[in-house]
Amino acid sequence: MSRFRAFARSRIIWMFALAVALPACNDAGGNAPFTVREGVKNLTVLDAEPFEPLTLYAPDGTRLLTLITDELGQAHFEYVPSEYVVIQTGEGGDLPSYDGTTLEPGSGYIIRDDSADPVIETGPLRVLGVNDVPDDSFYDQQKLVEGLNYITMRDGVKLSATVWYPDTAICGPGPWPTVVNYSGYSPSNPDNAPPGVQIATLLLCYAGVGVNMRGTGCSGGVYDIFDVAQHADGYDIIEVVARQWFAKGGKVGMIGLSYPGISQLYVAYTRPPHLAAVAPLSVIEDPWRQAWPGGIYNSGFTQQWIQERDKEATAGGQSWVQKQIDGGDTTCAENQKLRSQNVNFEVFSQALTTFPEAANERRLSNLVPKINVPLFLTGAWQDEQTGSRFATMLDDITGTTIRRFTMFNGRHPDGYTPLTLTRLAEFLSFYVAKEIPRINPALRLLDSVILKEIFDADDLHFEEDRFGQYQSYDEALKAYESEPVVRVLFESGYGSDVTEAPVARFERTFTTWPPPGAQKGEWYLSAPGALTTETPSLTGGDNGIDAFLFDPEAGDKSYILKDSLFHIAWDWQYADQEHALGYQTDPLPVDTMVIGNGGYVDLWMASNVTDPVIEASILEVRPDGTEFLVQSGAFRAAHRNGIDRARSQEFLIEYTYAATQMSYPPANEFFNVKVPIRPFAHAFRKGSRIRLVFDTPGRDQGFWEYKNPVYDRDDAKIAIARTPDMPSKLILPLFQDFDIPDDPPPCYSLRGIVCRDYLALPNTAVTWP
């Protein structure tokens with residue numbers, strides 16, 4: 001900080017201290033010389049004096065907080081701490097308190113400089129809500145052209161948006177079916193269309209529009225991951241794009257995987273009238289639970305992803321942005337100024353150790369019931385980035401009757417592979433293009449060349465056209481809509497002659513998710529290292545208690561070493577024997593499929609520390625001595641009393657993770673806890689064993705790592721009971737009436753599923769404590 005800035009800041013804070021005795025609000029008229037942008041759940045001050053103390057007052061006159069403007073006279077009011085504080089803005093985005101909420105929509109807010117003489121204040125200000133939409137004329141007047149544009153949002157913020165047309169030599173003149181790709185990456189980079197737009201323009205003959213979220217790329221505004229302002233912006237974007245000459249039919253769809261997939265769900269629940277359909281791929285269920293799986297901070301992929309978002313959201317944080325500015329884009333340059341107001345989300349996300357009530361407005365399972373347009377969603381059980389919790393919200397999508405869910409073993413980018421790409425094209429053809437789906441014959445001639453270039457694999461092809469026999473669109477649509485809602489693909493990677501190719505071996509379809517008719521698979525932990533359907537009994541001096549040592553190195557370990565779109569290299573490490581316990585069934589007497597929202601372990605445990613964490617992993621042990629990692633779940637036992645009864649189901653245990661329900665278990669005393677296993681579907685063949693392994697969270701995820709507690713003792717351990725009075729058991733949703741191909745896939749053949757030689761664990765019984 002410069003000497004002048006330090007002097008100015010100290011003088012302003014001193015002057016402000018003299019003013020705190022002023023009444024909470026007065027009747028003075030608005031005389032503020034600065035501008036206030038009235039946004040969705042936020043107010044942004046522009047053009048004030050540098051380092052000016054501005055206090056926000058609620059409509060009832062309550063003093064909420066004071067922000068000291070940055071060196072450009074800017075301040076952004078969005079987060080309201082539970083107690084009044086003074087915050088210097090523009091110094092890294094750290095907040096002094098993370099206990100609070102966000103601004104509520106409504107009129108009558110006032111911003112005042114109480115240190116000024118006379119006092120400077122605005123007139124009554126209005127904080128917008130997501131449903132406060134402009135008149136149609138606001139959208140009608142905005143025109144877009146091919147290339148980079150700026151779309152104005154309802155609060156005046158301008159978002160950078162690039163329009164791409166398809167090749168008219170192949171696709172003919174417009175208008176064309178149109179899709180939007182919306183994220184905080186670089187979708188509006190005019191030199192590099194995002195993957196979803198490339199698929200739309202090159203493979204489907206659609207127009208594509210890539211839009212950067214506020215506070216990213218060349219867009220204006222303040223960046224706040226998944227905040228309500230971004231949801232409302234999505235509404236405005238759709239309404240503007242749908243009115244363009246090139247948008248066939250006056251309605252548009254959305255396309256995207258990961259971040260631009262997640263954003264579609266936030267946009268769709270706002271119900272833009274001219275949104276035709278959405279196709280989100282590889283998504284999450286809740287940002288907080290993504291950062292804190294099982295109540296333990298994800299210090300691997302999620303932390304790295306947030307760090308990258310923070311970095312790229314700084315002024316000129318993306319190389320193409322600086323190139324745009326150097327080329328004379330004054331709007332892009334002007335939009336960088338407000339980046340000083342961005343919150344440091346890496347610090348913010350780590351500070352939210354429990355789920356705050358205000359985060360419910362970003363939890364997708366609360367929002368997706370409002371979606372009322374056709375929806376196509378895919379996801380992988382072993383997704384190394386976003387995980388499989390997305391499946392727990394599928395039965396919340398009740399506002400639309402047109403839903404298509406496709407799930408599979410695999411990896412994060414697999415939604416764009418031939419595994420589901422043809423079905424994605426079908427969906428968009430029916431609900432965006434309003435045409436009978438047909439892959440362009442010219443592309444079919446080159447599909448193996450195109451797909452080899454993308455996936456580095458031979459002999460990959462699009463699926464055959466499935467509706468070419470119908471003479472009319474209505475007939476084809478009727479046939480499509482009569483198909484089952486849920487499609488579960490099995491053993492992707494072993495469905496062709498090319499190892500790990502994204503081709504499934506077989507599939508099962510269902511009318512709903514989770515699938516109806518599951519049997520309750522219930523196995524009790526027993527000795528020696530057994531899972532049995534019989535309730536436990538103790539013999540031969542066995543006291544029914546096993547224990548393992550906490551592993552302080554586990555949390556920093558994940559199994560992917562080198563990642564590419566098609567191939568991965570991994571190192572799935574064993575835990576030392578003193579750091580794990582293992583239990584397994586007898587060889588299965590019949591083929592058995594587990595399909596659903598994961599199941600759970602109903603566990604009796606104790607620890608000699610008061611903040612224990614545990615991981616439970618499901619493995620398949622083959623007769624040939626190979627074991628495959630199927631799924632896992634980690635949990636912080638302090639949240640055990642916070643079961644969310646409203647969301648939990650027979651095979652799904654959900655927790656509130658609320659601070660009010662958090663309770664550290666007393667040391668050395670046994671307690672009951674239900675450890676959730678993440679959703680999955682897997683075929684266990686006759687003769688295989690189901691294995692349950694307990695250890696310290698870590699090692700059993702592709703990119704996820706865990707910031708486990710640090711204990712003040714070297715012998716921290718967890719004990720697990722398997723007695724008649726404290727019976728621990730594994731509960732899974734089973735299906736045993738489906739045919740499964742006889743020959744099992746070999747090790748290294750399945751996408752997303754790692755494997756290794758089986759290693760027995762001794763499970764030595766202990767006296768506790």
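The structure is a predicted model, in which local features need pLDDT of at least 70 and side-chain atom pairs count only at pLDDT 80 or more, while totals for chains, interfaces and linings use all residues. Residues are numbered from 1 along each chain as its sequence is written, and side-chain values use heavy atoms, with hydrogens and water left out.

Buried means under 20% relative accessible area, exposed means over 50%, and partly exposed is in between (1.4 Å probe, protein chains only). This core has 137 residues, and V180, F694 and I720 touch the most other members. The biggest contribution comes from α5, with eight residues. Helices (H or I, at least four residues) and strands (E, at least two) are DSSP runs, numbered from the N terminus. There is also a second, separate core of 37 residues, with I402, L421, A433 and A501 among them. In soluble globular proteins, nonpolar side chains tend to be buried together.

Next come the disulfides (pairs of cysteine sulfur atoms within 2.5 Å). A search of the whole structure turns up three. With bonded cysteines counted along the chain, they follow the pattern 1-2, 3-4, 5-6.

C171 pairs with C205, at an S to S distance of 2.0 Å. Their link is left-handed, with -70° about the S-S bond. The pair links distant parts of the chain, 34 residues apart: C171 is in helix α3 (residues 168–171), and C205 is in the loop between α4 (195–203) and β15 (207–212). C205 is buried, at a relative accessible area of 15%.

C218 and C332 form another disulfide, with sulfur atoms 2.1 Å apart, and this link is left-handed at -70° about the S-S bond.

Finally, C747 and C755 are joined with their sulfur atoms 1.9 Å apart. The link of C747 and C755 is right-handed, with 100° about the S-S bond. C747 counts as partly exposed at 24% relative accessibility, whereas C755 is buried at 4% relative accessible area.

Terms used:
Core = buried A, V, L, I, M, F, W, Y, C linked by side-chain atoms within 4.5 Å.
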